[in-house]
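Have the sequence and the model at hand.

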Amino acid sequence: MRNKLLYVVLLFSLFLSQSCSQEQSLSIESQIARVWNYDSEIGSANIDSATFLILTKNENEQTFVWSMNGRKDVGTWSIVDSNELVLKSPLQNTESGVDSIAQSFDNNGKATVHYFKDNETVATFNEGKFYPKQFSQKFNINKLSSDELHLVFDNESGSNPGLTVFPFVYKSTVLPTSISFYSVTRGLIGILGLIFITFLFSSNRKAINWSLVTKGLILQIVLAVAVLYVPIVAAFFDHLSRFFMEIIGYTNAGSDFVFGQFGTGKIQGPLQNFAFKILPTIIFFSALMSMLYYLGILQLIVYVFAWLMKRFMKLSGAESLAAAGNIFLGQTEAPFLVKPYLEKMTKSELMCLMTGGMATIAGGVLAAYIGFLGGDDPEQSMFFAKHLLTASIMSAPAAVVAAKILVPETEEFNNEMKIPKEKIGSNILEAITNGSSDGLKLAVNVGVMLLVFTAIVYMANSGLAWIGGFTGLNDLIAANTGYTELSFQFILGYAFAPIAGLMGIDNWNDMVLTGQLLGEKTILNEFYAYATFGDLKSQFVSQKSVVMATYMLCGFANFASIGIQIGGIGSLIPSRKATLSKLGVKALVGGTVASLLTAVVVGMFL
């Protein structure tokens, strides 16, 4: 066992060292692609303090927006010789005639039309796009760090020749973290409120192990503070999210190969949509998890998390493995880690297994959620990747807390903690094939669910809007709320808004939006809720609410999951299906409370 632990430590050390080296060797393009704000404290007084530079990098192109002293330039950018930033933008407010036209062909037979004026190229036409002559500016990169960028422009000619320094600072897209008496107090009230609600649903209130509950909450708080305030931990999650985004990039390469247009090799036009950009990530990650499981890497990582929770929270071996496994695997895959123990697991252990499945998510769907929230913006994708990864880890102890309040342990349990050695294929290729097949089924299932639920919601909204028009409610709603008519979203928003307020969300607008998302997640599913969230992000008043909603939705707690768990886990232990059925609704309550607890704890320190 010590050899296994040593192997895992070495594996994590290798990952950290490679991540750090990757950070150092990471292309300048990846480091510099973000939103930079002009540092007026050390910059020139002649430059507006509202000046900003946005550098965006995606798989198709690198674009920039430079706003300074009332003028805004847009175009493309590139890095030359590792220390020079080149900005190219079309000439503005200029007119140019054309005195000759020429056509050229490359080795593949693709034509480019060139337009000339006085023997100088003024524009080109290629693959259906017109490219006017661009104005190019070169800046020396004098300083580049995680939060500072100093550009030096050498004005060799003009009225003011000489060097001009443009100092920029990185301003995060989220609110700066801060601990205040008010935020901590609101968070504690939210935690106590959620614990009290869970206490009301408990099957044996006198048997609740409050020491275990306290330890679980402490573990959550420690994780939140570490991620937000401890540099080395924050850096680790930054590296992890960057690594995660790199893997998503590999998925995009596969999608481009299969669905890309001839000539460009990229997914363009009508195929640039959910089915061809988001669903393939589920298939690839399912295959990747299957491969890691076959190699034994995933089991070792799970074992470390399980060992920590077992030692700190005094859990049984089986429920420790189940809680840790749910961080990486789905609610029907994680039970295989404890398959030898399932038949003899206590009622409380089964509750912990089911609640953990409801409160966490699988690695495959995590990539899809990042796609919903981050879109094509690499900075936003990195931001949400970090918080979604953190949410999945933090929800594991939260699920244990909720489960042990709902169904306290009153029986003797087995402390043994061994992961089954059975493989999911006879060789690594079969494991990848099996994972791909499972991922395809999941991707199709997700696509079908979203199609059906979206259609049902629109159908329901049509009927509700008619009722609202007939009764006059539509005018009343439009005049007094952010909604235009009576709808499914309106009902859920106001029904669940008090829970959002209990969580620590202050603004009423954000309470209603968060309540709507929570209702959609619980009644429909988290995929539909995240898709809606991607569209509603810009309507939130506080960025803190956006972060908390990200954590709140990160779980499988919905009514459909009750049937999924009873069917999935029940197939492994048919004799205990009746027990699983009785625990289904409580597992839904526990999974929902766990996700809310995670959101509240993080919100305390924002």
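## Basis

This is a predicted model: local features need pLDDT of at least 70, side-chain atom pairs count only at pLDDT 80 or more, and totals for chains, interfaces and linings use all residues. Residues are numbered from 1 along each chain as its sequence is written, and side-chain values use heavy atoms, with hydrogens and water left out.

## Salt bridges

Side chains of opposite charge can pair when their charged atoms come close. A salt bridge here is a side-chain nitrogen of Lys or Arg within 4 Å of a carboxyl oxygen of Asp or Glu. The structure holds 4 of them.

One joins K143 and E148, with the closest N and O atoms 2.8 Å apart. K143 is partly exposed because its relative accessibility is 35%. E148, at 22%, is also partly exposed. The cut-offs are: buried under 20% relative accessible area, exposed over 50%, partly exposed in between (1.4 Å probe, protein chains only).

K404 pairs with E319 at 2.9 Å, N to O. K404 lies in helix α12 (residues 378-406) and E319 in helix α9 (residues 317-328), so the bridge ties together parts 85 residues apart in sequence. Helices are DSSP runs (H or I, at least four residues), numbered from the N terminus. Both K404 and E319 are buried.

K404 also bridges to E409, at 3.9 Å, N to O. Shared partners join E319, K404 and E409 into one network.

## T598

T598 sits in helix α20 (residues 577-603). T598 counts as buried because its relative accessibility is 0%. Leaving out residues up to four places away in sequence, T598 touches Q220, A391, M394, S395, A398 and Y551. Contact means heavy atoms within 4.5 Å.

Note on methods: Helices (H or I, at least four residues) and strands (E, at least two) are DSSP runs, numbered from the N terminus.
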